[in-house]
Amino acid sequence: MGVALAVLAGAAPIVSAPLASSPAPSQAADVQAPAPPVEAAQVIATYPHDVRAFTQGLFFSDGRLFESTGQHGESAVRELDLTTGKVKREVRLPAEYFGEGSTGWGKTIVSLTWKHGKGFRWDRDSFRKLGEFAYAGEGWGLTQDGKSLILSDGTSELRFLDPRSFAEQRRVRVTWRGRPVGQLNELEYVRGEVLANIWRSGLIVRIDPASGVIKGVIDLRATIASVEVSDSEAVLNGIAYDDKAGKLYVTGKRWPKLFEIALPAS
């Protein structure tokens, strides 16, 4: 059974999010550690976003913006124009696949599927399929740290994969004050941290990739409230960091907007 995660400001809880099972005894000592900081997202700029896109992955590669989308018969990998939100080009996945997270690796794109245990490698410039690979369990979010691919599967664990063989190198359990946090979804590696969207929470957590400890939280609930959507599935689910420009962007499934937000304090 899940338990509520609460960060206190004075006596009032200001953040709640789904958690996995109770902490193991070895983690219990961390539960009373000071709560990591929570920052409300500061919007710097707003751009158009394709409302048809059921966003599952968002990333920059050499200053170019890419996105992967989900839903059977709609899943695609695409390149976007940041300024206009228009799709510059795309490749569709076969209709039986539900597309999930994606990331760049060199001049390739790596993308996941939800329940098929299959990922794809694409040539970044031609969108030609270069190969496939298998993994156990579900695929949710994907990013990379320059050494490994980092995959989320909806649990509290992040998997680190060899980017060439896709063999699993290690796993880390993500924890909040000693307790594992589940429902980790879209991922982005930003300045030595893994940023992870917690599904349906309106929150992005900042994770130490070595220990799995959550170092801070970006609260996007006020930003989400400004987005006009009617679909209950149109949740926050897109994080992209342009390391060339030093800018961070977020969007959601079928959102009409993409936001540049301030980088979290280090």
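Start with the largest pocket, which holds about 330 Å³ of space. Keep in mind that this is a predicted model.

**Stop 1: the largest pocket.** Select Phe 60, Ser 61, Gly 104, Gln 144 and Asp 243, the lining residues that lie nearest the pocket's centre. The lining has 16 residues in total: 5 are nonpolar, 6 polar and 5 charged. Now colour strands S5 (55-61), S9 (99-105), S13 (142-144) and S19 (184-190), each of which supplies at least two residues of this lining.

**Stop 2: the second largest pocket.** Here you will find about 170 Å³ of space. Select its lining residues, among them Phe 54, Trp 114, Trp 140, Glu 233 and Lys 253. This lining divides into 5 nonpolar, 2 polar and 3 charged residues.

**Stop 3: strand S20.** Go back to S19 and follow the chain through a hairpin, with 2 residues between the strands, into S20. In that turn, click on Arg 191, which has a positive phi of about 50 degrees. S19 and S20 are antiparallel and share 5 bridges; look for Glu 188 opposite Leu 195 in S20.

Next, select residues 193-198, which make up S20. Which of its residues point one way, and which the other? Glu 193, Leu 195 and Asn 197 point one way, while Val 194, Ala 196 and Ile 198 point the other way, and all are buried. In a regular strand, side chains alternate between the two faces of the sheet.

**Stop 4: on to S21.** Finish at S21 (residues 203-207), which runs antiparallel to S20 with 5 bridges, and find Leu 203 opposite Ile 198.

Notes
Residues numbered from 1 in each chain as written. Predicted model: local features only at pLDDT ≥ 70, side-chain atom pairs only at ≥ 80, totals over all residues. Heavy atoms only, no water. 1 Å grid on protein atoms, 1.4 Å probe; cavity = no way out; pocket = protein on both sides within 12 Å on 5 of 7 lines; lining within 4 Å. Points joined across faces, edges and corners; volume = space filled by probe spheres on them. Helix = DSSP H or I, 4+ residues; strand = E, 2+ residues; numbered from the N terminus. Nonpolar A, V, L, I, M, F, W, Y, C, P; charged D, E, K, R; others polar. Buried < 20%, exposed > 50% of the residue type's maximum accessible area, 1.4 Å probe, protein only. Pairing = 2+ DSSP bridges.
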